[in-house]
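Let's take a friendly walk through this structure, from the overall picture down to a single residue. Please have a look at it first.

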Amino acid sequence: MEMFPAVTTIAQTIQLSLSPVFMLAGIGAILNVLVARLARVVDRARALEMLQPTLVGEDRTHHAWELRLLHWRMKVINTALFLCASSAIATCSVVALLFVGELAHLHIGTVVGVMFIMAMLLLVSGLVMFLIEVRLSLRATYVRNEMLGKRLS
């Protein structure tokens with residue numbers, strides 16, 4: 001058993017790990033989008049919370065409805081963030097396991113494969129939650145009929 005792996009073995013392992021590393025870059029971009037959306041939702045919720053005591057009647061009802069929707073959006077975004085961050089952790093584990101397996105001459109191909117599948121499933125789940133959040137955000141962007149005035153023909 002050789003004590004130090006050949007440079008070519010390490011180079012091959014680095015090549016194998018490039019796909020998961022590119023996936024990590026994509027997950028990082030998704031996380032950035034999710035955090036930005038969460039920040040906007042939190043800012044909007046804080047603004048509505050400050051307005052709520054001064055409102056009466058239909059405006060108060062509408063703002064309360066929007067606050068409930070914002071609360072739901074925050075929960076969905078947090079879930080998406082958790083799933084995508086978990087996917088990133090699983091992807092990092094895949095890269096680490098590739099190197100550990102190669103350096104220690106372990107036969108852990110099945111473990112690496114399962115971890116990669118898990119990372120992909122977590123990512124898909126996070127993206128589904130992102131789509132749900134986008135759909136929820138569209139519910140809050142409609143313009144009420146009384147605000148439109150005349151209809152455009």
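In the protein chain, take the contacts (heavy atoms within 4.5 Å) between residues at least 6 apart in sequence: 80% of them join residues at least 24 apart. Before going on, note that this is a predicted model, where local features need pLDDT of at least 70, side-chain atom pairs count only at pLDDT 80 or more, and totals for chains, interfaces and linings use all residues. Residues are numbered from 1 along each chain as its sequence is written, and side-chain values use heavy atoms, with hydrogens and water left out.

The protein chain has four helices and zero strands, where helices are DSSP runs of H or I with at least four residues and strands are runs of E with at least two, numbered from the N terminus. The C-alpha atoms fill a box of roughly 80 × 40 × 20 Å along the principal axes.

Now look at helix α2 (residues 57-103) and helix α3 (residues 109-140), which pack at an angle of about 160 degrees with their axes 8 Å apart. Here axes are lines fitted to C-alpha atoms over the stretch in contact, and angles run from 0 to 180 degrees between N-to-C directions. Because angles over 145 degrees count as roughly antiparallel, α2 and α3 are roughly antiparallel to each other.

Finally, find T91 in helix α2. T91 counts as buried (under 20% relative accessible area, with a 1.4 Å probe and protein chains only) because its relative accessibility is 0%. Leaving aside residues up to four places away in sequence, T91 touches P20, M23, L24, I27 and A119.

Methods: Angles under 35 degrees count as roughly parallel, over 145 as roughly antiparallel, 65 to 115 as roughly perpendicular and the rest as oblique. Buried means under 20% relative accessible area, exposed over 50%, partly exposed in between (1.4 Å probe, protein chains only).
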